[in-house]
Amino acid sequence: MASTGNPSTVTASINYFVPPDHGVRAYVNINADPISGKRGQNFSLATREMAIENVRGKEDEYTLDNAGFQFNRSPAKHTSFLDDEEIKKEYYPETIELYKKLTGASRVVIFDHTIRRHRPGQIDDSPEKRQPVAQAHVDQTTKASIDRVHRHLPAEEAPELLKKRFQIINLWRPISVPALEWPLALCDYRSVVPEKDALPVALVYPDREGETYGVVHNPDHKWKYLRGMTPEEVVLIKCFDSVQDGSVAVFTPHTGFVDPSTPSDAPHRESIEVRALVFYD
């Protein structure tokens with residue numbers, strides 16, 4: 001495979017959120033239109049060229065508490081990722097143990113996963129055809145995170161669980177090949193002004209509504225990535241933390257991006273992200 005080296009920093013386009021006018025609540029449909037291949041929405045995006053630092057060799061400097069993301073080398077036992085039921089039966093249990101090992105959590109409840117396989121020109125109109133997301137975002141707002149506890153836990157347990165610290169954390173892993181093409185960029189929470197940089201967006205499902213954050217441009221954002229992440233490596237991405245007193249990162253904006261240092265013959269990115277409610281005693 002051809003290589004363009006291992007740059008310390010690249011400059012690449014980040015698509016930032018531009019909210020609708022007049023204070024109208026932003027929304028986006030979860031599924032794409034089968035004709036146009038586009039997801040209906042009432043906001044726009046603005047592209048900004050941003051420096052994205054390759055942190056390979058200093059991964060340990062970034063933790064869930066200080067930056068909102070955390071890298072780890074942990075090969076998976078399940079490696080096919082072709083059948084959803086097999087993933088739930090085989091990959092979920094080992095992933096729950098990995099969450100507990102890396103966070104110290106007492107209980108982890110995985111509520112879904114998404115496989116992404118970059119297929120240029122393919123219409124993203126079903127869960128089997130999810131493409132990399134090319135927009136700075138956060139998966140869950142505070143409201144959506146609390147709703148998730150009620151949605152996925154027994155009604156009699158939710159009130160007590162909500163009294164203690166809980167988080168929503170994604171665990172992202174490349175599948176089959178290193179993620180040199182369409183890698184994942186993560187924004188260090190210490191460079192984010194949460195109340196200004198993250199604005200709620202209704203995520204419209206066929207049968208319900210969630211809520212995410214669109215991330216607006218801030219020239220002070222510090223973007224990071226781990227170039228050439230392998231299937232043996234994972235990154236934990238914090239989407240929510242109930243501790244919001246300024247002592248820890250609450251979330252981390254993230255996005256797929258086109259890396260100018262990607263070799264021309266690099267295979268298309270394939271990845272799995274698992275999303276989980278993470279509880280502490």
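Here is a short chat about aromatic rings and strand pairing in this predicted model.

Visitor: How many aromatic pairs does the structure hold?
Guide: There are ten aromatic pairs in this predicted structure.

Visitor: Take F69 and F71, then. Why is that pair edge-to-face?
Guide: The ring centres of F69 and F71 sit 5.8 Å apart with the planes at 70°, so the pair is edge-to-face, given that planes over 60 degrees apart count that way.

Visitor: And are F69 and F71 buried or exposed?
Guide: Both F69 and F71 are buried. Ring pairs also link them with Y62 into a cluster.

Visitor: What about Y225 and F257, what sort of pair do they form?
Guide: Y225 and F257 are edge-to-face as well, 5.2 Å centre to centre and 85° between the planes. Their pair links distant parts of the chain, 32 residues apart: Y225 is in strand β11, while F257 is in the loop between β13 and β14. Both Y225 and F257 are buried.

Visitor: Switching to charges: which ring does R208 lie over?
Guide: R208 lies over the face of Y205, 3.9 Å from the ring centre. R165 lies over the face of Y280, at 5.5 Å from the ring centre.

Visitor: Okay, strands now. Which way do the residues of β8 point?
Guide: L184 and L186 point one way from β8, A185 and C187 the other way, and all of them are buried.

Visitor: Which strand does β8 pair with over three bridges?
Guide: That's β13, in the antiparallel sense, where H254 is the bridge partner of L186. β8 also pairs with β11, antiparallel over two bridges, and there C187 has W223 as its bridge partner.

Technical notes:
Residues numbered from 1 in each chain as written. Predicted model: local features only at pLDDT ≥ 70, side-chain atom pairs only at ≥ 80, totals over all residues. Heavy atoms only, no water. Phe/Tyr/Trp six-rings, centres within 6.5 Å; stacked < 30°, edge-to-face > 60°. Buried < 20%, exposed > 50% of the residue type's maximum accessible area, 1.4 Å probe, protein only. Helix = DSSP H or I, 4+ residues; strand = E, 2+ residues; numbered from the N terminus. Lys NZ or Arg CZ within 6 Å of the ring centre and 35° of its normal. Pairing = 2+ DSSP bridges.
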